[in-house]
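Welcome, and please keep the viewer open while you read. The report below walks through the contacts, strands and rings of one model.

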Amino acid sequence: MTAETFVTHTPGDLRIISDRHGDPDARAVVFLHGGGQTRRSWGRAAAAVAARGWQAVTVDLRGHGESDWANQGDYRLVSFATDVHEVLRTLPPDPVLVGASLGGCTAMLLAGELAPGAASAVVLVDIVPNMDASGAQRVQAFMAENMESGFHSLDEVADAIAAYNPHRPRPADLQGLTTNLRRRGDRWYWHWDPEFIRGPEHQGPMEIHDVDRLNAAVRTILDGGVPMLLVRGQLSDLVSAANAEEFLARFPQVEFVDVAGAGHMVAGDRNDVFADAILEFLARHGS
């Protein structure tokens with residue numbers, strides 16, 4: 001199934017690039033990637049959802065992938081949410097939001113603060129408001145380590161990823177890594193705007209650390225009757241078992257799937273289990 005790429009213009013005239021899989025008139029499942037990732041990270045899951053009759057839309061958030069980098073380094077969570085809201089305006093009513101990490105926080109703020117009622121269901125992928133601070137620091141450290149210097153070769157990129165994700169098999173075909181990289185001169189660099197993590201604090205996505213605000217957004221989503229699913233990777237260092245238990249105790253309406261053998265990048269680590277969890281949730285709440 002060939003994806004159709006389309007462009008959405010934000011009020012600030014940034015171009016947000018998305019791929020559409022499946023019928024453009026069908027209800028949409030909108031996939032929002034984590035920080036430092038791209039819409040390509042959802043390819044197999046999106047194809048599985050589209051094969052069940054949904055329209056699967058994968059979005060490059062501002063500053064990532066092929067979407068424009070933000071003016072004045074504006075990477076506030078509310079700005080990501082505003083961009084995605086513009087994408088939703090182009091889609092049929094009652095979309096489902098699936099957000100991993102940064103994308104999950106974006107979904108919380110969009111559906112629970114910026115535009116309550118904009119989503120008919122929400123899936124949070126290895127993210128909760130009360131995430132583990134040390135895990136978040138580890139993610140940021142990985143992103144920052146080679147941000148300026150880049151990599152001499154794709155082997156160096158694969159080594160860095162293997163050190164960060166030792167449980168994931170090293171890819172046999174390193175060319176697949178190029179979807180997350182840009183070539184400048186004789187070196188490879190991550191595709192995302194360095195201002196995303198090195199810019200002024202007031203322009204970064206600092207809302208991800210505002211636990212009370214995100215909890216309030218989740219409460220608004222659930223009080224509106226919107227079903228929610230949390231998918232956790234059992235090997236995650238960002239959402240520990242204790243983090244998940246605390247979140248589920250606060251919000252007992254939330255459904256939960258714990259994916260064995262997966263870390264923070266659940267869809268990449270165990271796409272088969274992840275896709276099944278999404279499809280089962282959609283079957284329960286997709287009517």
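Met-228 makes contact (heavy atoms within 4.5 Å) with Val-122, Leu-124, Val-218, Ile-221, Leu-222, Phe-247, Gln-253, Val-254, Glu-255 and Phe-281, leaving aside residues up to four places away in sequence. A word on the source: this is a predicted model, in which local features need pLDDT of at least 70 and side-chain atom pairs count only at pLDDT 80 or more, while totals for chains, interfaces and linings use all residues. Residues are numbered from 1 along each chain as its sequence is written, and side-chain values use heavy atoms, with hydrogens and water left out.

**The cores**

Met-228 also belongs to the largest nonpolar core, which has 68 residues; Val-30, Val-122, Met-228 and Phe-247 are the ones that touch the most other members. A nonpolar core here is a set of buried Ala, Val, Leu, Ile, Met, Phe, Trp, Tyr and Cys residues joined through side-chain atoms within 4.5 Å. Buried stands for under 20% relative accessible area, exposed for over 50%, and partly exposed for what lies in between (1.4 Å probe, protein chains only). Helix α3 (residues 102–114) supplies the largest share of this core, 7 residues. Another core lies apart from it, with 26 residues that include Val-96, Val-125, Val-231 and Val-266.

Helices (H or I, at least four residues) and strands (E, at least two) are DSSP runs numbered from the N terminus. Strand β5 (residues 96–100) has 5 of its 5 residues buried, so it is largely enclosed by the rest of the structure. Val-96, Val-98 and Ala-100 point one way from β5, whereas Leu-97 and Gly-99 point the other way.

Two strands count as paired if DSSP finds at least two bridges between them.

| Strand pair | Bridges | Direction |
|---|---|---|
| β1 (residues 4–9) and β2 (residues 15–21) | 6 bridges | antiparallel |
| β3 (residues 28–32) and β5 | 4 bridges | parallel |
| β5 and β6 (residues 121–125) | 5 bridges | parallel |
| β9 (residues 228–233) and β10 (residues 255–259) | 5 bridges | parallel |

Leu-97 is the bridge partner in β5 of Val-30, and Leu-97 has Val-122 as its bridge partner in β6. From β5 the chain crosses through α3 to β6, and this β-α-β crossover is right-handed. The hand is called right when, with the strands pointing away from the viewer, the path from the first strand over the helix to the second runs clockwise. A right-handed β-α-β unit is also made by β9, helix α8 (residues 241–250) and β10.

Gly-103 is found in helix α3 and counts as buried at 0% relative accessibility. Its contacts include Leu-32, His-33 and Gly-34, not counting residues up to four places away in sequence.

**Positive phi values**

Where does Asp-126 sit? Asp-126 is in the loop between β6 and α4 (133–145), and has a positive phi of about 50° although it is not a glycine. Asp-126 is buried, at 0% relative accessibility. Gln-72, in the loop between β4 and α2, also has a positive phi, near 55°, but is exposed with a relative accessible area of 70%. In the hairpin of β1 and β2, with 5 residues between the strands, Asp-13 takes a positive phi near 65°.

**Rings and charges**

The structure holds 10 aromatic pairs. Rings of Phe, Tyr and Trp (its six-membered ring) pair if their centres lie within 6.5 Å, and planes under 30 degrees apart count as stacked, over 60 as edge-to-face and the rest as tilted. Tyr-75 and Phe-196 have ring centres 5.9 Å apart and planes at 85°, so this pair is edge-to-face. The pair links distant parts of the chain, 121 residues apart: Tyr-75 is in the loop between β4 (55–59) and α2 (77–89), and Phe-196 is in helix α6 (residues 195–198). Both Tyr-75 and Phe-196 are buried. Ring pairs link Tyr-75, Phe-80, Trp-192 and Phe-196 into a cluster.

A charge sits over a ring if NZ of Lys or CZ of Arg is within 6 Å of the ring centre and within 35 degrees of the ring normal. Arg-20 lies over the face of Phe-6, at 4.3 Å from the ring centre, and Phe-6 stands opposite Ser-18 in β2. Arg-184 lies over the face of Tyr-189, at 4.0 Å from the ring centre.
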